[in-house]
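Let's learn to read how a protein holds its ligands. Here is the model we'll talk through.

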Amino acid sequence: MSNELYNTIARVTDGIYEGIAIGGDVFPGSTLSDHVLRFNSIPRVKMIVVLGELGGRDEYSLVEALKQGKINKPVVAWVSGTCARLFKSEVQFGHAGAKSGGEEESAQAKNQALRDAGAVVPTSYEAFEGAIKETFEKLVEEGKITSVKEVIPPQIPEDLNTAIKSGKVRAPTHIISTISDDRGEEPTYAGVPMSSIVEQGLGVGDVISLLWFKRSLPRYCTRFIEICIMLCADHGPCVSGAHNTIVTARAGKDLVSSLVSGLLTIGPRFGGAIDDAARYFKDAYDRGLTPYEFVEGMKKKGIRVPGIGHRIKRADNRDKRVELLQRFARSNFPSVKYMEYAVEVETYTLSKANNLVLNVDGAIGSLFLDLLAGSGMFTKQEIDEIVGIGYLNGLFVLARSIGLIGHTFDQKRLKQPLYRHPWEDVLYTK
Ligand code: ACO
Ligand code: LMR
């Protein structure tokens, strides 16, 4: 009843201030006249519409209020249930209270009483809408209601699943990938089909160049990448990564656990200094700092120069890997200006201590700067992005995985018991 009435009022007037549905129950908490009197005192309410039903005496309190002149706004009312008289016996309508308890509670009697008290009461429910409309228009004519502008309701958005089914929209993208694609006949790396990679006899360096840098780098670049991986694949069982992997494998863990326990040691003091070395060497070289200014500036800031220093390598016991990388670059790279700068830095640091050699991280970091800048394949912005994101430690991670997997297999084959430190390896202190 409420919904139907709101619909009717909305159609023929300028809208509803407040609607309330009460009185359907045997023991309602408030009465019809309570609300009509309340609406009468609200200035923005200009007319009151009541839709009652047979049964109960609630409408009579409204009749009383009308008679006593307590309501000075037009009341348009209709009590439904006039059809009850057509039934031979008493009929219970929808609500608990909608049951005529005698002539006074009939719809006809209540409609008449309301009409007599001054309410606008039509002759049937069908005429109710017209009565509401007329009353409203009269108030407009009298200037008691200034019509408000009609608000166009916002369109309800279409259901996503329905729209997807009908092909109007597609589901939002959650993940964007720009390096590979497997929707065609065969997967592609940066647009290059796998078969073409195999047919051209390309190597791991080319695959890295496609998947990391999204372009085919010249052969000397991809060969350099491969040399880095080969030279950093392992460095004996005593370095942090291998040590952890060996202990983990001996403790009976699987391949992946043993591998990652070793990989997790990679950081600023072990294999993970390549990116920082590239960042600091690039910054110092590009700003034209002398090795003295650079190293002493780092000292002042309390930062160890990344790419410099080694536990066992010395000026008189150089790191062979560094020599091999430098030799390759000198004969293949168009320019090795960053590497030469790193060597100048090393000359200075070696004047301070014998172990402050350019280490493999520093060699790769500085030479990769030369590769990026000298190959002509990268813009200045792309070089800054690569150095900023930190691609280059990935080379050590990739390379050392080869050795760490080897150490895992080695330990599994050896079948040695659970690893324990020999007593002399551990220093107990209070
Ligand atoms: N810059 C400036 N001073 C240094 C550096 C450096 N890179 N490395 C060592 N020193 C000096 C310090 O004065 C240090 O003294 P401190 O302990 O008061 O700080 C002293 O040398 C210590 O020398 P070592 O005992 O031989 O150094 P340690 O064995 O502790 O560290 C390491 C070796 C981790 C490689 C160190 O040199 C370092 O942190 N280097 C920078 C990071 C780096 O390049 N890591 C990659 C190493 S290569 C690889 O892992 C594959
Ligand atoms: C390595 O490549 O593992 C070594 O240079 C690191 C080290 O700690 O000696």
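Q: How many nonpolar, polar and charged residues make up the shell around ligand 2?
A: Two nonpolar, two polar and two charged residues. Here Ala, Val, Leu, Ile, Met, Phe, Trp, Tyr, Cys and Pro count as nonpolar, Asp, Glu, Lys and Arg as charged, and the others, Gly among them, as polar. By the way, this is a predicted model, where local features need pLDDT of at least 70, side-chain atom pairs count only at pLDDT 80 or more, and totals for chains, interfaces and linings use all residues. Residues are numbered from 1 along each chain as its sequence is written, chains are lettered from A and ligands numbered from 1 in the order in which they are written, and side-chain values use heavy atoms, with hydrogens and water left out.

Q: Which residues are around ligand 2?
A: A residue is near a molecule if one of its heavy atoms lies within 4 Å of it. For ligand 2 you get H235, V239, F270, H310, R321 and R400.

Q: Which side chains have a polar atom by an oxygen of ligand 2?
A: Look for polar contacts, pairs of N or O atoms within 3.5 Å. R321 sits 2.6 Å from a ligand 2 oxygen, R400 has an N or O atom at 2.8 Å from one, and H310 comes in at 2.9 Å. The protein covers 85% of the 270 Å² of accessible area (Shrake-Rupley method, 1.4 Å probe) that ligand 2 has on its own.

Q: And what surrounds ligand 1?
A: There are 19 residues, the closest being R269, G271, G307, I308 and N355. The shell splits into nine nonpolar, six polar and four charged.

Notes: Polar contact = N/O pair within 3.5 Å; in protein donor to acceptor, adjacent residues only side chain to side chain.
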